[in-house]
Amino acid sequence: MKFVSRRKILKDNLMLGIKRYLTLNLAFLALLVIVRIYEYFYLKHMITMPLGSIRLELFGLGYDVLMLLNLAALFCVPFLVFHLLSVRLTNFVFGTLIILFILTEIALIQFLGSTSLLLGADLFGYSFDEIIKIVSAGGGFSVTTQLPVIVGIMLMVALIVYSKRLKLNRIFSILFVVLIFVSLAFRKYTKPEPGKYGSELAYNLVTNKADHTFIATYKFFYPDEATEASLFSYFYTGLVTP
């Protein structure tokens, strides 16, 4: 009977965890691309898009990719630890987080289509009923807008479940881990620079809506010393008034 050391078992399990983590993030990336395509056609139907909207969406996808790499770095160690303890539970939890993120992004795209605004810390100034009324006023809860959400949920579940069938070699997996941690050096570029895109709507289009809302929510409870006193100065000059 061949003896296998605990160290080798741990090493193999860690590599399995890294490969699964990579496939989950590849599924996440595919969903972000699909959502960007959905955003373009949905907003084109709902509002007057700024000039160069396709180019803006491509820029936005670039920010999405960097955001994904940063998130992957932050969650990498927790994922691997929990993956060693329970593979099914870890896959379920992280798969659910991806789905919730994408659903939040879709909902905020619909909010943008109704108001032409991002939803930040002002979220806490609305009641749930008010948010529903704002979105539904722009047709946000019609069959044509909710059908993609239903189809999207089915697609997300399928991508996450079947992504584990991807065959990835060890070198590619290790390079992925290196890449996500290197991406942390560029974390300040995960959001577009205020004033860079010339108009508030262009800025809103490029920005990842879910990431913007989550960060704004965090800063609402744990505020920085500086505050954004003026939306006008923030979007058009890039200045933050203390």
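Does glutamate 39 count as buried or exposed, and at what relative accessibility? Glutamate 39 counts as buried, because its relative accessibility is 0%.

At 0% relative accessibility, does glutamate 39 count as buried or exposed, and what is the cut-off? Glutamate 39 counts as buried, because its relative accessibility is 0%. Buried means under 20% relative accessible area, exposed means over 50%, and partly exposed is in between (1.4 Å probe, protein chains only).

Some ground rules first. This is a predicted model, where local features need pLDDT of at least 70 and side-chain atom pairs count only at pLDDT 80 or more, while totals for chains, interfaces and linings use all residues. Residues are numbered from 1 along each chain as its sequence is written, and side-chain values use heavy atoms, with hydrogens and water left out.

## The overall build

The protein has 9 helices and 0 strands, so read along the sequence its pattern is α-α-α-α-α-α-α-α-α. Helices (H or I, at least four residues) and strands (E, at least two) are DSSP runs, numbered from the N terminus. Of the 242 residues, 39% count as buried.

Now for who touches whom. Among contacts between residues at least 6 apart in sequence, 82% join residues at least 24 apart. Contact here means heavy atoms within 4.5 Å.

## The salt-bridge network

As a general point, side chains of opposite charge can pair when their charged atoms come close. A salt bridge is a side-chain nitrogen of Lys or Arg within 4 Å of a carboxyl oxygen of Asp or Glu, and by this rule the count comes to 4. Arg36, Glu39, Glu57, Asp64 and Lys209 are linked in a network of these bridges.

Start with arginine 36, which pairs with glutamate 39, the closest N and O atoms being 3.0 Å apart. Both sit in helix H1, 3 residues apart, or about one turn of the helix. Arginine 36 also pairs with aspartate 64, this time with the closest N and O atoms 2.8 Å apart. Aspartate 64 lies in helix H2 and arginine 36 in H1, so this pair ties together parts that are 28 residues apart in sequence. Aspartate 64 and arginine 36 are both buried.

## Lysine 209

Glutamate 39 has another partner: lysine 209, with the closest N and O atoms 2.2 Å apart. That pair links distant parts of the chain, since lysine 209 is in helix H8 (residues 209-221) and glutamate 39 is in H1, 170 residues apart. Lysine 209 counts as buried because its relative accessibility is 2%.

The lysine 209 side chain also reaches the backbone oxygen of threonine 207 at 3.0 Å. That is a polar contact, meaning a pair of N or O atoms within 3.5 Å; within protein, one must be able to donate a hydrogen and the other to accept it, and residues adjacent in sequence count only if both atoms are side-chain atoms. Leaving aside neighbours within four places in sequence, lysine 209 is in contact with Arg36, Glu39, Glu105, Leu108, Ile109, Leu112, Leu118 and Asn204.

## Arginine 20, without a bridge

Arginine 20 is in helix H1 (residues 6-46). Arginine 20 is buried yet has no salt bridge, and the nearest side chain of opposite charge, aspartate 12, is 17 Å away. For charge, Lys and Arg count as positive and Asp and Glu as negative; His and the chain ends are not counted.

The accessible surface comes to about 14,500 Å², of which 71% belongs to carbon and sulfur atoms. Accessible areas come from the Shrake-Rupley method with a 1.4 Å probe; for residues, only the protein chains shown count as cover.

Leu10, Leu14, Val77, Val81, Phe82, Leu84, Leu85 and Phe181 make a nonpolar surface patch of about 730 Å². Patches are made of residues with over 30% relative accessible area and no salt bridge: like charges are joined within 9 Å, and nonpolar side chains (Val, Leu, Ile, Met, Phe, Trp, Tyr) within 5 Å. H1 and helix H2 (53-85) each supply at least two residues of the patch, and H2 gives the most, with 5 residues. Phenylalanine 82 is found in H2.

Valine 182 is in helix H6 (residues 170-182). Valine 182 counts as partly exposed because its relative accessibility is 43%. The C-alpha atoms of valine 182 and leucine 69 are separated by 8.9 Å, although these residues are 113 residues apart along the chain.
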